[in-house]
Amino acid sequence: MSRGAPALLALLYAAAAPAAGTLIHSERSQYREVLVYEDAGTRCLCFTHECAIGRQSCVLLAQPDRLVFEYTRMMLGALFLTPDPHDILVIGLGGGTLPRALERLLPAAHIDVVEIDPAVVRVAAQYFDFKATAQLGVSTEDGRAYVRRLLRAGTPQYDLILLDAYERQYIPEHLLTREFLQQVRQLLKPGGIVAANTWSSSRLYANESVTYHAVFGDFYNLKSGNRIILASAGALPSLEQIRRNAGRFTTAFEPLGFTPDTLLPLFSMQQDWDPAARVLTDQYSPANLLNALP
Amino acid sequence: MYATVLYLLALWSGFFVMGIELLGGRLLAPYFGSSIYVWGAIITVFMLALSLGYLAGGRYSVHAPSLRRLGIIVLLAALCALPILLAGDTLLDALAARVPDPRFGSLLAALSLFFVPTLISGMVSPYAVRLLVAERQHAGERAGRLYFVSTFGSAAGTLLTSFYFVLWFELNQILWGMLAMSLLVGLAACLVRPPVMA
């Protein structure tokens, strides 16, 4: 390599890399790199250098309650289906934005969070002001193992379960199978709601859809960059009911930086996938391969 | 023909071991998750079983070695893998319920499902070396060729299983397919006559 090449490469790299800001923390966990970047008052958690494959969580330092990502706002759309949940389970912590928002919105609710990576729990506490309290507990464990353990132990059931464990570059395949969703459904109280944040825009979209449909029947599908699935363990509330429930959150959502009615147009029950796609099961779960195929 | 079948057995048992190892991770994930220690437990068990298998295969090759016996080793490994298909879920469920620590839960699970078939598969290579080596001068060359074939089989088993088989088939279908293949090559070894000048 000529002497000028490294400098040229560095220049090219700098030009190609997205502006993630200054790296303020970096550690290698059992699973991945856990990185914290800060840029112009926004602090973000990333699992890839320069946040090349997306940011996990971001907060505005001056307004830490505001939800920066649209997907987190869309996840809160679950509250329009179950406006007064007492027991909530969140699988996947990230920077803790979602559990923190829920804690503020629902002071009476009890929230359990499961996160596989102890480093993520540490970083969320240190850089994203995420505190475990009597009302908000964190278990460091695989989500599937946690769900199975709870099912075995008896009936601590949830009104709302949020699945936020899928990343763009890696899907834990055992958390996207019919059997897992059946277990999640068993953990829900009658009429309980599951909200899943997913990425799929690839061939996986159809497989994912038929898998959720196989377990929950019809569900609401919110699409806007991300895709949020809102499904029920009982009858799915009507759009009319959803609109009414949304109205209850107008004031509560204010500190989060959006109004409930911005979400309403996204609610759709249209089945825009191939219903003949193969259901994902514990026996057949090539989610990452399907996600990588065009 | 004799040497071809010998190499085929080595190739296949390399394929078989890695295929099962990869699927092992899938089988355990619904019960113990896919944490790093679940893979740690699986790899530990496979390495341990293979190491003991090499020892046992070498020892067994001392008296009256034959291609027929090697075929029986391959058949036996497949037979011992049957419980994965027939009792896997029951056993994993019971273990996950009784052993709260997922590290030792997955270690016990991997031990009880994969240890025996992997150990027996490990016997194939040293046993095959014994059948291939006639004179000392070529011992290293033959052994090298055999390890090449068997490790190449492992590479193929890893790639085909993780890139394609899991995309096309269910786990149990892949496992049944691998057992059928073991039956085929094992029986072939039992039927082929040794060359006159062995």
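Which residues have the most contacts inside the largest nonpolar core? In this predicted model, local features need pLDDT of at least 70 and side-chain atom pairs count only at pLDDT 80 or more, while totals for chains, interfaces and linings use all residues. Residues are numbered from 1 along each chain as its sequence is written, and chains are lettered from A in the order in which they are written.

The largest nonpolar core has 143 residues. Such a core is a set of buried Ala, Val, Leu, Ile, Met, Phe, Trp, Tyr and Cys residues joined through C-beta atoms within 7 Å, where buried means that 20 or more other C-beta atoms, placed from the backbone, lie within 10 Å of the residue's own. The most contacts inside this core belong to A:Ala78, A:Ile161, A:Leu162, A:Leu230, B:Leu9, B:Leu70 and B:Ala128. Helix H1 (residues 2-32) of chain B gives the most to the core, with 16 residues; helices are DSSP runs of H or I of at least four residues, and strands are runs of E of at least two. Because domain 1 (5-60) and domain 2 (70-292) of chain A both give residues to the core, it lies between them.

The domain bounds come from an automatic or database domain assignment. The C-alpha centres of the two domains of chain A lie 26 Å apart. In chain A, 15 residues of domain 1 are in contact with 13 residues of domain 2, contact being C-beta atoms, placed from the backbone, within 7 Å. On the side of domain 1 of chain A that touches domain 2 of chain A, strand S4(A) gives the most, with 3 residues.

Terms used: A residue is buried if 20 or more other C-beta atoms lie within 10 Å of its own, exposed if 12 or fewer, and partly exposed in between; C-beta atoms are placed from the backbone. Two residues are in contact if their C-beta atoms, placed from the backbone, lie within 7 Å.
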